[in-house]
Every structure is written in C-alpha cells, then in structure tokens.
Amino acid sequence: MTDLSDSPEAWMARALVLARRGLYTTDPNPRVGCVLVKDGRAVGEGWHERAGEPHAEIHALRQAGEAARGATAYVTLEPCSHQGRTGPCALALVDAGVARVVVAMTDPNPLVAGRGIARLREAGIEVEVGLLEVEARALNPGFVSRMARGRPFVRLKMAMSLDGRTAMRSGESQWITGPRARREVQRLRARSSAVITGVESVIFDNSRLTVRADQLELPDGEAIAARQPLRVVVDSRLRLPEAAACLREPGRTLVATVEGQDGEHRARLEGAGAEVLALPAGADGRVDLAALLAHLAEREDANEVLLETGATLAGAMLDAGLVDEMQLFVAPTLLGGEARPLFALAGLEHMAQQRPLEILDIRAVGRDWRITARPR
C-alpha cells in the first residue's frame with residue numbers, strides 16, 4: 001500500500017486524488033475518497049465509483065480488513081449517517097474499530113449535516129474537521145451548490161475568436177477552435193448532470209449535445225459516455241424542429257418553455273421524444289431561468305450544469321446572476337466586426353456598468369487558449 005510517512009496533509013491529498021477518479025461517474029452523488037492509515041502506512045483506500053454502489057469508506061474498509069482496527073481514516077467528505085441506497089458509513093467506521101477520523105469538509109446535505117461526525121464522536125472516535133477543505137469543496141461544486149443554494153453549479157462554456165466573436169453573421173460557427181479544445185468540451189459535458197442550450201443554437205448548429213466516447217480519450221470512455229447528461233433546450237415559443245438531432249440521441253431531451261405553449265407543435269415534439277417542461281415566464285416574457293435551475297436541482301438531482309449556448313441566453317444567465325464559472329476557449333483567428341458577439345448584455349453604456357471577471361486560470365489547449373473565470 002501507499003506509504004506517505006505520517007503527514008496528515010499528504011494522506012488527505014491522497015484521498016482527494018482517489019475521489020477525483022469518480023469525476024465522471026458518481027453523479028448525482030458527490031465524489032469522495034478515503035484512506036485508512038495505520039503505523040504510518042495506508043492499509044486500505046477507496047473512492048465512490050458510482051451512485052448506488054458502496055461509498056469510499058466501505059471500499060477502504062473492505063481492503064483493510066482487520067487492519068482497520070485502530071487506524072485513522074482520512075475522508076474527503078463527512079461520512080454519511082443515514083440509510084440510503086447504501087448503509088451509513090459512519091456506523092461502518094465505528095463497527096470496524098477505527099480510532100480516529102479526519103474529515104476534509106462537513107456534508108452540506110441536510111440529511112447528514114454534522115450527524116455523521118456526531119455519531120462518530122458519540123462512539124468515542126476522535127474526529128478532526130477541515131483539513132484541505134478548500135480543495136475538497138472545489139471537487140464537488142455542484143453537490144455543494146445543490147444542497148446549499150437549491151440550484152446546480154452553472155459552468156458557461158463558449159468558444160470565440162481573438163476578437164471576441166462566436167459565429168459568422170449567418171450563424172455558421174463550426175469550427176472556431178481546434179480538436180484539443182473540442183475534446184476538453186467533451187470532458188466538460190461528461191462531468192455534467194445536464195447541458196443547457198438555447199433553441200437558436202440548436203436551429204443554427206443542430207448540435208447533438210452528447211458525450212462521445214471516441215473524443216474523450218479516457219480509458220473508461222465507453223462507460224462514461226453511456227451516462228449521457230440530460231439535454232435541456234430553452235425554447236420559450238416552442239420553435240425546436242421536430243427533426244433536431246438532439247431528439248434522436250440516447251438519453252433525454254428536456255424542452256423548457258413558458259406556460260401556455262400547448263399547441264399542436266408541443267404534441268409533435270413530445271411524439272418525437274422530447275419532454276416538454278412548462279415554467280412561469282420571467283419579466284421579459286421568456287422562460288424563468290432561476291425556476292429552470294431550481295427544477296433541475298429538485299427534480300433532476302442536477303449538480304453541475306454546462307451552459308453551451310449563444311449570446312442571448314448566455315447574456316440572460318449572466319444578467320440574472322446565475323453563472324458560477326466561465327470556460328472561454330479562445331482561437332487564434334479573427335472573424336470580423338460583422339460576426340456574432342460573445343454576450344448580449346443590455347444597458348451597458350458607461351464604464352461604471354462593466355462586468356468585471358476574476359481570472360482563475362489561463363492555459364494553452366492545443367493551438368487555442370482556455371480562460372477559466374468567474375463573475376465578481
């Protein structure tokens with residue numbers, strides 16, 4: 001087993017590495033890793049692999065066997081205390097005779113929320129909370145958002161030219177960025193619970209909005225692609241063509257429209273395989289975007305949502321304060337002043353009204369650049 005001497009930070013870092021192995025497969029559950037340490041060496045380790053299957057602690061305990069007695073458990077998320085599809089991990093740690101548990105972060109799930117830690121302490125187990133908490137929270141932004149705010153974590157992905165354009169005036173946009181950048185987008189889709197786009201983007205691009213195993217370049221790409229994210233088309237007036245490619249792909253396509261759109265076209269869309277969701281209209285008469293995200297969190301258990309769309313919907317989401325992170329892929333090319341802009345943001349007339357961003361990361365992706373930013 002792994003030997004990292006007796007550094008608590010190193011052991012928790014190892015647990016985080018293990019947790020990341022579930023990046024594409026645990027949805028809607030959080031990604032969790034666990035390492036059992038005794039006498040300065042790991043005696044068992046595991047991670048949560050898929051929803052409905054054993055949690056990280058159970059895998060680590062099974063690997064450790066009797067060596068778990070008296071060990072320290074390093075867990076990236078508070079052990080659960082309730083009976084779900086699997087048994088409570090806090091009780092399993094107690095029964096195994098673990099002497100100490102180090103937890104990176106408490107569970108934001110109201111069903112847990114400190115109860116797992118309390119159960120461990122009641123059993124006489126020493127518990128420490130908060131080691132590498134920032135890193136642990138960063139691994140599960142969607143789960144934390146859904147539990148704490150009642151909406152998914154929204155990641156906006158856009159591809160643009162160096163002069164900030166996303167498509168020609170005609171709507172033609174394939175392809176601005178190169179193959180490496182497009183593979184990164186596939187991975188963003190694969191880790192997401194849902195992909196949201198606007199109806200105009202579907203009309204112009206006829207995108208399938210799917211995860212394609214041959215583009216993921218991951219060892220378990222076929223298994224990852226088998227879990228297709230929910231496709232969501234925001235379509236206030238039900239203009240989605242019945243022949244849209246996204247309606248013919250494996251998985252589900254949800255068309256979000258405003259209440260009252262109950263005509264013949266809705267029936268034809270449903271006949272073509274779409275699920276139509278009628279939501280209240282916002283102040284602009286279009287789909288209430290906050291209500292859509294609340295639905296995705298409550299009814300679809302959506303953790304992370306990838307927003308892949310055009311300037312109108314992207315601008316509306318930014319205006320509503322519903323974008324948490326931006327992944328901007330910049331190609332070394334120019335499309336000119338007549339091409340389509342990145343965002344449609346109304347009412348910006350003075351420098352004091354500009355929308356500042358915080359740049360988190362900039363790196364090369366093939367011949368392109370990826371900027372990771374978030375609104376301030």
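How far apart do the C-alpha centres of domain 1 and domain 2 lie? They are 34 Å apart, with the bounds taken from an automatic or database domain assignment: 8-140 for domain 1 and 150-375 for domain 2.

Quick caveats. This is a predicted model, where local features need pLDDT of at least 70 and side-chain atom pairs count only at pLDDT 80 or more, while totals for chains, interfaces and linings use all residues. Residues are numbered from 1 along each chain as its sequence is written, and side-chain values use heavy atoms, leaving out hydrogens and water.

Okay, the interface. Nine residues of domain 1 touch 11 of domain 2, contact being heavy atoms within 4.5 Å. About 870 Å² is buried between the two domains, 46% of that from carbon and sulfur atoms; that's accessible area (1.4 Å probe) lost on putting the parts together, summed over both. On the domain 1 side, Tyr24, Asp27 and Pro28 supply 66% of the buried area.

How many salt bridges are there between the domains? Two, meaning a side-chain nitrogen of Lys or Arg within 4 Å of a carboxyl oxygen of Asp or Glu. Elsewhere in my notes, glutamate 304 bridges to arginine 31, with the closest N and O atoms 2.7 Å apart.

Now strand β3, residues 72-75, strands being DSSP E runs of at least two residues, numbered from the N terminus. Thr72 and Tyr74 point one way, Ala73 and Val75 the other, and all are buried, so under 20% relative accessible area with a 1.4 Å probe, protein chains only. β3 pairs antiparallel with β1 and parallel with β4, each over four bridges; pairing takes at least two DSSP bridges. Tyrosine 74 sits opposite valine 35 and also valine 102 in β4.

Note on methods: Buried means under 20% relative accessible area, exposed over 50%, partly exposed in between (1.4 Å probe, protein chains only).
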